[in-house]
Amino acid sequence: MTAIDSALQPAHDTAHGHHAKPSGIGRWLFATNHKDIGSLYLWFAFSMFIFGGVLALCIRAELFRPGLQFWQPELFNQFTTLHGLIMVFGAIMPAFTGLANWMLPLMIGAPDMAFARMNNWSFWLLPPAALLLLLSFAVPGGAAAAGWTLYAPLSTQMGMGMDLTIFAIHIMGVSSIMGSINIIVTILNLRAPGMTMMKMPMFAWASLITAYLIIAVMPVLAGVVTMVLTDRHFGTHFFNAAGGGDPVLYQHIFWFFGHPEVYIMALPAFGIVSHIIPTFSRKPLFGYTSMVYATSSIAILSFMVWAHHMFTTGMPATAQLFFMYATMLIAVPTGVKVFNWIGTMWQGSMSFETPMLFAIGFICLFTVGGLSGVTLSIAAIDIQLQDTYYVVAHFHYVLVAGALFSLFAAVYYWFPKMTGRMYSEFWGKFHFWWSLLWFNVTFFPMHFLGLAGMPRRIPDYNMQFTDFNTMASVGAFCFGLGQLIFFANMLHSLRHGRPAAAKPWEGADTLEWQIATPAPYHSFVEAPDLEVGENGRIDAMHGGKHH
Amino acid sequence: MNKPPATLHDNRLLLLKLLLLACVMFVFAWGLIPVYDALCRLTGLGSLQRPDEVGSQRLAATPLAPVLLTFDATVQPGLPWQVRPLTRTLRAVPGEFVRVDYEITNASNRQVIGQAIPRYLPAAAAEYVKKLDCFCFAQQAFEPGQTKRFPVVFVIDKNVPAGLDSITLAYTIFDVPGRS
C-alpha cells in the first residue's frame, strides 16, 4: 500500500505541476495564491499608510504654530484631501481586504479564494490608482484640494488633478468591488463541511457583511464622481446651480456612500477584535449570536443615517430629527458589541501580549470616538461643531484608534501563522504604548480645539488655538516615528524572529491555528471535516490536505 | 446532512448576481436625482420660485413698524447678464403691496434664456416675503443685446417677527443652456 502511494506521489505532483510555488517577480505579478495576494495587499496598504502619514505630518508641521510656514494654502488643501483619500482607499480598505484574503480560506477551510485570477486583478488595479493620485501633485493646478469628500462645486471647478482623482476612485472602486465579490463567494460557497454560517468566525462574518456594504455603496460613489466628471467636461449641470442643478444633491449622494463607508472601515475591525479578545481571555466570545446580529444591524442602519453629515444644509426639522434619532440608534448595536467584548474578558484568564494590548486599546479609544459621535449626532450641537476640529478628533478616534489599531492587533496576532516566526514582544508592546500615548496627545486636544471653534482644513489659525495645535503636532510626529518601530520589528522578525509554534497563542481555537506554521502554500486542497463551535471554535478536524 | 460542495457553476452564478447588484446600485445613484427632486417638491424645499397666496389675514389690520428692504442682484462670472434693481432701498409696512422693477440686459450677441434665483438675507426672512409676481417664476428669453424690465410684486407678511426690521432681496441670474 505504502509502495503504491509513494509510487503515485511523483505522478501526482507532475499532474499538479502548476500548483508548485512560483518564484521571482512572476510569483507576485501573476499571483493567484490567496496568501501571496494577501501579502501584496498588506504591503501595499502599509506603503500607502506611510505615504498618507507623511502627508499628515506635512499638515501638522504647518499647524505647529499660527501663520504660514511651509506651504501655501492651496498645497495645504491638497495635503488634507490626499491624506484622507489615501488613508481611506489606499491604506485601511486594502489592509482589511488583504487580511481577509490571507485568513478567510484558512478560517473556513477553503483551498483558496473563489476566483483566484480575479483576485490578482483586484490587487493589481490598486497600484495604478495610487500612482494616479501621486501623479496628480505634478499636474498644473496640483492634486485635488476639495477635501476627501470632493464636494461640488469645488470639485467641479478644479484643474486636471481632480480628473486624475476621479479616475483613481473609479479604479479603486472596481478593485474593491471585485475583492468583495471574491470574499462573498468564498464565504458562501467554499466553507468546509461542518463550518455553518452561525458557527463561522466573527472575522468571516464581518468580512462578509463589509463586502456586501462595499458592493452596495462603491457603485454609488462611482456614480456621483461620474456626475462630477460629466459636469466638468460634458456640459451637464447635476451640481451646477447655474444650470438648474444643486450642489446639495452631491452631498446627499456622496454620503449615501460615505456613511456605510465608515462601517466598511469599522466592521472588519470588530471582527478582528472578536478573535483576539477571546484568545487572550481564554474564554469563548460572549454572546456570539448577538455579535452577528449587532454587526448586521449596524450595516443596515448605516444606510439610513447619511444626512447627519448635512445638518447645516437647511434640512426640514423633521428630517433632522429622523436622522438624529436613527444615528443615535446605531449606538445600541455598537454598545452590544462593546458589552460583549467586556463580557468576554470578565473573569477570563487574561494575558497581555501585543495583539491583546492593541485590542483593548481599540475598545477603549473606539468607545471614546463612538461617544463623540453620539455628541455629533445631536442636530442642535452638530450645527456648532460641523466642520470643526471636534469632527476631526471624532473620526480619528474611530479610524486610527479603531481601524488602524485593530489592523496592528491583527498583524501581530497572525504574524506567526503568516511567516512562521515570532515578532519581538518587547518592541511590539513598546509600539503599542508609544502609539497609545502619542495618539492621545495628537487627537485629544482636537476635541477642545473644535469646541472652541477652530475650523478644519485650514492652514492658519487664530492665536488662541496655538497651544493645543502645538501639542497635536508634537504628538503626530512622535506617533509617526513610532510606526517605524513597527516596520523595523516586522522586517527584522520576518528573517530573524524566533520560529513560531503551530499554535503560538494558548487560547486560539479557530481553524487557522490547526495547521502547520507557517501556513502551507496550498492549504486545505482537500476540505477537512469539521466539528465547529460558535465563533469558529474547532472541536475536531478530520482529513484536510495541504501541500 | 451537509449540502454538496459548491461547483464552479454555483460560484459563477453568485458572481453574476453580485455584479448585477453592483450595477443596480450604480443606477440607483443616478436614480437619486429624480428622487431628490421629487422630495424637494413634496417637502416644499426650493419653493422660492412659486407665487404665494396672500389671504386677507396676511394684510395688516393695524399699522406695523416698517421694514427696511434692500434690493440687489449678482451675476456669476462669465455669464452675459447685466442686472440692475431700479429701486435700491425702500421702507414698507408689513401688509402693504410693494412693487419694484429690475432691468436685465443680455450683454451678449446671441439669444439666451435666463433663470433668476432669489435669495434672502437673513435667510429666515424668505417665508415672510410673499411674492405675487416675479420674473423668477419663469425662464425669460432675450434677443442679442436686448434689455427688459420686470416687476416684482410682493407683500411682507404681517406675522414677520418684530426683530426682523431689515430684509435684503437678491437675485442671481443664470444661463439656461441647451435652449434657444
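**Chain A and chain B in a predicted model**

Thr70(B) is partly exposed, with 15 other C-beta atoms within 10 Å; a residue is called buried if 20 or more other C-beta atoms lie within 10 Å of its own, exposed if 12 or fewer, and partly exposed in between, with C-beta atoms placed from the backbone. The structure is a predicted model, in which local features need pLDDT of at least 70 and side-chain atom pairs count only at pLDDT 80 or more, while totals for chains, interfaces and linings use all residues. Residues are numbered from 1 along each chain as its sequence is written, and chains are lettered from A and ligands numbered from 1 in the order in which they are written.

Thr70(B) belongs to strand β1 (residues 67-75) of chain B. Helices (H or I, at least four residues) and strands (E, at least two) are DSSP runs, numbered from the N terminus. With neighbours within four places in sequence left aside, Thr70(B) is in contact with Arg88(B), Thr89(B) and Thr168(B); two residues are in contact if their C-beta atoms, placed from the backbone, lie within 7 Å. Arg149(B) is 79 residues from Thr70(B) along the chain, and the C-alpha atoms of the two are separated by 18 Å.

Chain B also contains an open sheet of four strands in the order β2-β4-β8-β6, with antiparallel pairing. Two strands are taken to pair if DSSP finds at least two bridges between them. The edges are formed by β2 (81-85) and β6 (129-133) of chain B; each has a single partner strand, so one side of each is left without a neighbour in the sheet. On average, and with direction ignored, neighbouring strands of this sheet are turned by 30° against each other; the axes are lines fitted to C-alpha atoms, for helices over the stretch in contact, and angles run from 0 to 180 degrees between N-to-C directions. β6(B) runs antiparallel to strand β8 (residues 147-156) of chain B, and four bridges join the two. Within this pair, Lys130(B) has Val155(B) of β8(B) as its bridge partner.

The contact between the chains takes 30 residues from chain A and 27 residues from chain B. On the side of chain B that touches chain A, the elements giving two or more residues are α1 (8-43) and β9 (166-175) of chain B. The largest share of that side, 17 residues, comes from α1(B). By residue class, the side of chain B that touches chain A divides into 21 nonpolar, four polar and two charged residues; Ala, Val, Leu, Ile, Met, Phe, Trp, Tyr, Cys and Pro count as nonpolar, Asp, Glu, Lys and Arg as charged, and the others, Gly among them, as polar.

Chain A has 17 helices and two strands. Its radius of gyration is 24 Å, close to the 24 Å that the globule rule gives for 547 residues, so chain A is as compact as a globular protein of that length. The radius is taken over C-alpha atoms, and the rule is 2.2 Å times the number of residues to the power 0.38. Along the principal axes, the C-alpha atoms of chain A fill a box of roughly 80 × 55 × 45 Å. Of its 547 residues, 55% count as buried. Among contacts in chain A with a separation of 6 or more, 81% are between residues 24 or more positions apart.

Helix α10 (residues 267-281) of chain A has 15 residues and should span 21 Å at 1.5 Å a residue, which agrees with the 21 Å between its end C-alpha atoms; the expected span is 1.5 Å times one less than the number of residues. In α10(A), 15 of 15 residues are buried.

The strands β1 (residues 529-532) and β2 (residues 538-542) of chain A pair in the antiparallel sense over four bridges. Leu530(A) stands opposite Met541(A) in β2(A). The two strands form a hairpin with five residues between them, and Asn535(A) in the turn has a positive phi of about 60°.

Most residues other than glycine have a negative phi, and most peptide bonds are trans. A cis peptide bond, with omega about 5°, joins Ala152(A) and Pro153(A); Pro153(A) is in the loop between α6 (126-135) and α7 (160-189) of chain A. The peptide bond from Thr517(A) to Pro518(A) is also cis, with omega near -5°. Pro518(A) is placed in the loop between α17 (466-496) and β1 of chain A. Phe524(A) lies in the loop between α17 and β1 of chain A, has a positive phi of about 50°, and is buried, with 23 other C-beta atoms within 10 Å.
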